[in-house]
Amino acid sequence: MGLLGLFCRSREFNQRLEHNRPRLYRVAYSWCHNTHLADDLVQETMLQAMKSAGSLRNFEAIDSWLFSILTNCWRGHLRSRRDLVEFDEGEFHSDSNPERSHQELETVHRVRSAVAQLSMGQREVVTLVDLEGFSYAEVAEILGIPIGTVMSRLCRARQALKERLLEAAATVTAPPRELALVRVK
């Protein structure tokens, strides 16, 4: 491959890295629930990808390759910091009406809480398959586990999410009715 070919591939490589950055962040955040840590994991993933770009054999498989690197960075973080303390993030703000915003925030909170209660293996699989759209085979390759394990974890994760979200929906009380003004004589 000539110098021009290497340059073009490098440019394509960098474009694909930038294109995948938001996806990597979403997955990292769904795993750790910490914006700063998710940023660090994505930055470490990008750095590792740039360092080992020469080891990428099939350029078309760059997405699963990047998520494999992210998985390794996440696991390395877990090994190095077992006593990580999670801090609550600030509330999300929206310009829509307050009632709708509150309902959306409650829904997001319930879903995130339900996902956070899953085991790490289930959380990894459900975020990669359902949120990022990877195939079972790609997830198996990314996580380094058999495809049957991906399918069983995904099935269990979906069932657990369904149960937790139905329980949460049942405990939500209906908003109080507005009191009608009554004319007193």
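R123 is buried, with a relative accessible area of 10%. That value comes from a predicted model. R123 belongs to helix α5. Because buried is taken as under 20% relative accessible area, this arginine falls in that class at 10%.

Two backbone oxygens lie within reach of the R123 side chain. The backbone oxygen of W31 is 2.7 Å from one of its polar atoms, and the backbone oxygen of A116 is reached at 3.2 Å. Apart from residues up to four places away in sequence, R123 touches S30, W31, H33, V115, A116 and L118.

H33, one of the residues touched by R123, sits in the loop between α1 and α2. Its phi is near 55°, which is a positive value in a residue other than glycine. H33 is also buried, with a relative accessible area of 14%.

## Overall fold

The protein chain has seven helices and zero strands. Along the sequence the pattern reads α-α-α-α-α-α-α. Of the 185 residues in the chain, 33% are buried.

Taking contacts between residues at least 6 apart in sequence, 68% join residues at least 24 apart.

## The nonpolar core

In soluble globular proteins, nonpolar side chains tend to be buried together. Here the largest nonpolar core has 42 residues. Those with the most contacts inside this core are F13, W65, F67, L70, V125, L128 and V139. At least two core residues come from each of α1, α2 (35–51), α3 (62–80), α4 (98–116), α5 (120–131), α6 and α7.

F67 is one of the residues with the most contacts in the core. Not counting residues up to four places away in sequence, F67 touches N20, R23, L24, V27, L128, E132, F134 and I142.

V125 is another residue of that group, placed in helix α5. V125 counts as buried, at 0% relative accessibility. Leaving out residues up to four places away in sequence, V125 touches V139, L143, I145, V150, R153 and L154. The C-alpha atoms of V125 and T149 are separated by 9.5 Å, and the two residues are 24 apart along the chain.

N20 lies in helix α1, which covers residues 3–32. Its relative accessible area is 0%, so N20 is buried. The side chains of N20 and D63 are joined by a polar contact of 2.8 Å.

Beyond neighbours within four places in sequence, N20 is in contact with D63, L66 and F67.

## Packing of α6 against α7

Helix α6 (residues 136–143) packs against helix α7 (residues 147–171) at an angle of about 105°, with the two axes 8 Å apart. That angle makes α6 roughly perpendicular to α7. On the α6 side the contact is made by Y136, A137, V139 and A140. On the α7 side it is made by I147, V150, M151, L154 and R158.

By class, this contact has eight nonpolar, no polar and one charged residues. Among the residues of the contact, V139, V150 and L154 are also touched by V125.

Technical notes
Residues numbered from 1 in each chain as written. Predicted model: local features only at pLDDT ≥ 70, side-chain atom pairs only at ≥ 80, totals over all residues. Heavy atoms only, no water. Helix = DSSP H or I, 4+ residues; strand = E, 2+ residues; numbered from the N terminus. Buried < 20%, exposed > 50% of the residue type's maximum accessible area, 1.4 Å probe, protein only. Polar contact = N/O pair within 3.5 Å; in protein donor to acceptor, adjacent residues only side chain to side chain. Contact = heavy atoms within 4.5 Å. Axes fitted to C-alpha atoms, helices over the stretch in contact; angles between N-to-C directions. Parallel < 35°, antiparallel > 145°, perpendicular 65-115°, else oblique. Nonpolar A, V, L, I, M, F, W, Y, C, P; charged D, E, K, R; others polar. Core = buried A, V, L, I, M, F, W, Y, C linked by side-chain atoms within 4.5 Å.
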